[in-house]
Number of protein chains: 2
Amino acid sequence: MERTTPRVDTKNMTVRITTALVFGVFFFSLLWFGDRLWASWTYLAVMALAILLGVREMTLMARVRGFSPSLATGTLVGWGILAHFFLATGGQDPLPLWLVFTVGALVIHFGALFFDANLEEALPSQAITWLGALYLGFGLGFQQKLFMLQDTLPRTGSRLILALFIITWFGDSAAYFVGTFLGRHKLAPRVSPKKSWEGALGNLGGNLLGAFLMQATVCPKWTWVDALALGLLLGIVGQLGDLVESTWKRSAGVKDSCMGVSIPGHGGVLDRVDSLVFAAPVLFAYVHFVHGFN
Amino acid sequence: MERTTPRVDTKNMTVRITTALVFGVFFFSLLWFGDRLWASWTYLAVMALAILLGVREMTLMARVRGFSPSLATGTLVGWGILAHFFLATGGQDPLPLWLVFTVGALVIHFGALFFDANLEEALPSQAITWLGALYLGFGLGFQQKLFMLQDTLPRTGSRLILALFIITWFGDSAAYFVGTFLGRHKLAPRVSPKKSWEGALGNLGGNLLGAFLMQATVCPKWTWVDALALGLLLGIVGQLGDLVESTWKRSAGVKDSCMGVSIPGHGGVLDRVDSLVFAAPVLFAYVHFVHGFN
């Protein structure tokens, strides 16, 4: 098989790390004050912005193929799903999901009847509007839900969000370095030609390292079974989620999800959230069923 | 504008009415025994079958365009949404929607990674799989929910389902006859060339007639405001829902949603449920917010 010289792009890496640092300082401050009311609202604002940017990238990606999903209605429904998670606390559910979907269906489909000038692509366009709303709305809505969870330890939500990010990022970084230096056997050449089995295993190793680090520090209540299970679960789901987003980009014929606006050194929003979008619901399901969080 | 001779296709009409009678006898028996446990289960079986057939029609329709949505995963997720509505009774919610969507996302997207041979169309295909699951799952899931509602009057759910069908059918029939004999001004030539403004107004007249008939007979608790509001709401939403389905068929280049299997004289399942799918959630939302049903 083809073999390229191992090479780390140092210039891009510098921009990438700088951006990560700036974002990191903001983000860790938010986690530090996680129990304050304003922190929940700030997190909400960040998630709402990310939903808008993510739906925008999906919309632009689909337009490359001639489809015409709606940025406006997709974002509105995504925000509706986010609002459901923001408002559903302490056994109350003032904006139930069935209501979001009922109003969402009227908004997306009737909106298309009146405002979509390209009804020749009605079926795929309206379907992709929904996909954007679901993908970003649930993916980031579950982050909001996790951030707002409360328990006996202070800042429980912040701890879980930190665990979500550290487990995912440790995996991403390990995959990058292991794949670059040791990658031999292609993982999914049809979908993502740069990925190797070595990188995927490195990814899981990073996930597990991250999970046990979290157990040793901010999540002292986790058993070693929790750390093992979460490392493997989030690692597998995150990597498959990454591949899913790659298939979408390939099917649209774009290499990078960012279309115009990008996070410096990090590409588009979709490229950044693709693992987290699947990992967040799975982490919530785990702490819901295993640890009784609600 | 173009003018065709008013004409009622009597042969097709005979088959159509015969099928409607057979279905009607089965259906009214089910409504008659609406308070029995087996009736809920039978209704569930009918809804599950309709979801399967409806997702199948959407899948085949999309395949005409070269997309490859998954019948298996779309049906499974549609059934998951139906099961949520079936199980959510008396304040209990053993299969919450967030769980259906979390598992559904893994099933649809990871399923596509492993089993979709046509990943060149990954974005529209996976989006259309979701659209089928949402459209049929919520559209028919809300019927199940309505059918199982209980109140002081016996068979409350049956009364609401009867109202849903009568209001919709009276509207459809009125539109057909008024449109055939008086139709002059095209309503939406781009989407559904046969529809006229006269037919649409006839539709609303039929909806209102149906609603006041229901108020006078099986829904004695409705005020005249309820009858007026429900006639107008279900009529408008039902007609727009009908147009939405037409845009999908047009975008796929098919005239009839039925692909192979059809209901004799009635075309495909999608053509039969297109108004109901939007009307059912709106009827539930109305009785939830106005009459306090839960």
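How much area is buried between chain A and chain B, and what share of that area do carbon and sulfur atoms give? In this predicted model, the area buried between chain A and chain B is about 4200 Å², and carbon and sulfur atoms give 81% of that area. The size of an interface is often given in this way, as the accessible area lost when the parts come together. In terms of residues, 50 of chain A are in contact with 50 of chain B.

| Item between chain A and chain B | Value |
|---|---|
| Salt bridges found by the rule | two |
| Salt bridge of B:Glu121 with A:Arg65, N to O | 2.9 Å |
| Residue pairs in polar contact (both at pLDDT 80 or more) | six |

On the side of chain A that touches chain B, the elements giving two or more residues are H2 (37-64), H4 (97-115), H5 (122-147), H8 (224-252) and H9 (269-289), each a helix of chain A. By class, that side of chain A has 38 nonpolar residues, together with seven polar and five charged ones.

Two of these helices, H4(A) and H5(A), also pack against each other, at an angle of about 145 degrees and with their axes 10 Å apart, in a crossing that is right-handed. From H4(A), residues including A:Leu97, A:Phe101, A:Ile108 and A:His109 take part in this contact, and H5(A) meets them with residues among which are A:Gln126, A:Trp130 and A:Phe138. The residues of the contact divide into eight nonpolar and four polar, with no charged residue.

Conventions
Residues are numbered from 1 along each chain as its sequence is written. Chains are lettered from A and ligands numbered from 1 in the order in which they are written. This is a predicted model: local features need pLDDT of at least 70, side-chain atom pairs count only at pLDDT 80 or more; totals for chains, interfaces and linings use all residues. Side-chain values use heavy atoms; hydrogens and water are left out. Contact means heavy atoms within 4.5 Å. Buried area is the accessible area (1.4 Å probe) that two parts lose on being put together, summed over both. A salt bridge is a side-chain nitrogen of Lys or Arg within 4 Å of a carboxyl oxygen of Asp or Glu. A polar contact is a pair of N or O atoms within 3.5 Å; within protein, one must be able to donate a hydrogen and the other to accept it, and residues adjacent in sequence count only if both atoms are side-chain atoms. Helices (H or I, at least four residues) and strands (E, at least two) are DSSP runs, numbered from the N terminus. Ala, Val, Leu, Ile, Met, Phe, Trp, Tyr, Cys and Pro count as nonpolar, Asp, Glu, Lys and Arg as charged, and the others, Gly among them, as polar. Axes are lines fitted to C-alpha atoms, for helices over the stretch in contact, and angles run from 0 to 180 degrees between N-to-C directions. A crossing is left-handed if the near helix is turned anticlockwise from the far one by less than a right angle, and right-handed if clockwise.
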